[in-house]
Amino acid sequence: TMPVLSFFRPAHGTIVSSFDANTKQYALSLQTPANENATAILAGTIIYSHYDLQEGYTLILQHETYISVYKGVTRLLKQVGQYVQAGESIGLLQNNKLDFELWQNGRAINPEEVIAF
């Protein structure tokens, strides 16, 4: 049997826009408190980091069978190639917003099905 994974929340906050596969809305959007931390939902490696003027940083983490995507990070606390523990802070959300995606085997997953927000 597969071990039951315990997911951390990617950030504290209120869901303002939910996942909807029918409209290809793969991100769940959170309104977060000021200077909230973005946290690794599971242990994994940071495999991608890119800065965009509109979105801020996008970070992608590779976990055992999942990939998690964080958009809206304003300050990085970790770099590409670093291994992070579940619940570890990976960046700051100074703009009070996080767009979060969860993927498994190339398929978008509704984060609300596995993470308690």
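This is a predicted model: local features need pLDDT of at least 70, side-chain atom pairs count only at pLDDT 80 or more; totals for chains, interfaces and linings use all residues.
Figure 1. Read along the sequence, its pattern is β-β-β-β-β-β-β-β-β-β-β. The radius of gyration is 13 Å, close to the 13 Å that the globule rule gives for 117 residues, so the chain is as compact as a globular protein of that length. Along the principal axes, the C-alpha atoms fill a box of roughly 40 × 35 × 20 Å. The accessible surface comes to about 6,500 Å², and 49% of this area belongs to carbon and sulfur atoms.

**Figure 2. Three strands form an open sheet.** The order of the strands in this sheet is E3-E9-E7, and their pairing is antiparallel. Strand E3 (36-39) and strand E7 (75-76) are the edge strands, since each pairs on one side only. Strands of a sheet pair through backbone hydrogen bonds, in either a parallel or an antiparallel manner. Between E7 and strand E9 (residues 89-93), the antiparallel pairing extends over two bridges. Within this view, Arg-75 stands opposite Leu-92 in E9.

**Figure 3. The largest nonpolar core has 23 residues.** The residues with the most contacts inside this core are Ile-41, Leu-59, Leu-61, Tyr-70 and Ile-90. Two or more core residues come from each of strand E2 (28-31), strand E5 (56-62), strand E6 (66-73), E9 and strand E10 (97-104). In soluble globular proteins, nonpolar side chains tend to be buried together. Over the whole chain of 117 residues, 39% count as buried.

**Figure 4. Leu-61 and its contacts.** Leaving aside residues up to four places away in sequence, Leu-61 touches Ala-40, Thr-45, Ile-46, Ile-47, Tyr-66, Ile-67, Ser-68, Tyr-70, Val-84 and Ile-90. Leu-61 is also one of the residues with the most contacts inside the largest nonpolar core. For the chain, among contacts with a separation of 6 or more, 59% are accounted for by residues 24 or more positions apart.

Figure 5. Val-84 lies in strand E8, which spans residues 83-84. Is Val-84 buried or exposed? Val-84 counts as buried because its relative accessibility is 0%, and the cut-off for buried is under 20%. Residues up to four places away in sequence not being counted, Val-84 touches Ala-40, Leu-42, Ala-43, Gly-44, Ile-46, Leu-61, Lys-78 and Ile-90. From Val-84 to His-12 the C-alpha to C-alpha distance is 19 Å, and the two residues are 72 residues apart in sequence.

Technical notes
Residues are numbered from 1 along each chain as its sequence is written. Side-chain values use heavy atoms; hydrogens and water are left out. Helices (H or I, at least four residues) and strands (E, at least two) are DSSP runs, numbered from the N terminus. Buried means under 20% relative accessible area, exposed over 50%, partly exposed in between (1.4 Å probe, protein chains only). Contact means heavy atoms within 4.5 Å. Two strands pair if DSSP finds at least two bridges between them. A nonpolar core is a set of buried Ala, Val, Leu, Ile, Met, Phe, Trp, Tyr and Cys residues joined through side-chain atoms within 4.5 Å. The radius of gyration is taken over C-alpha atoms; the globule rule is 2.2 Å times the number of residues to the power 0.38. Accessible areas come from the Shrake-Rupley method with a 1.4 Å probe; for residues, only the protein chains shown count as cover.
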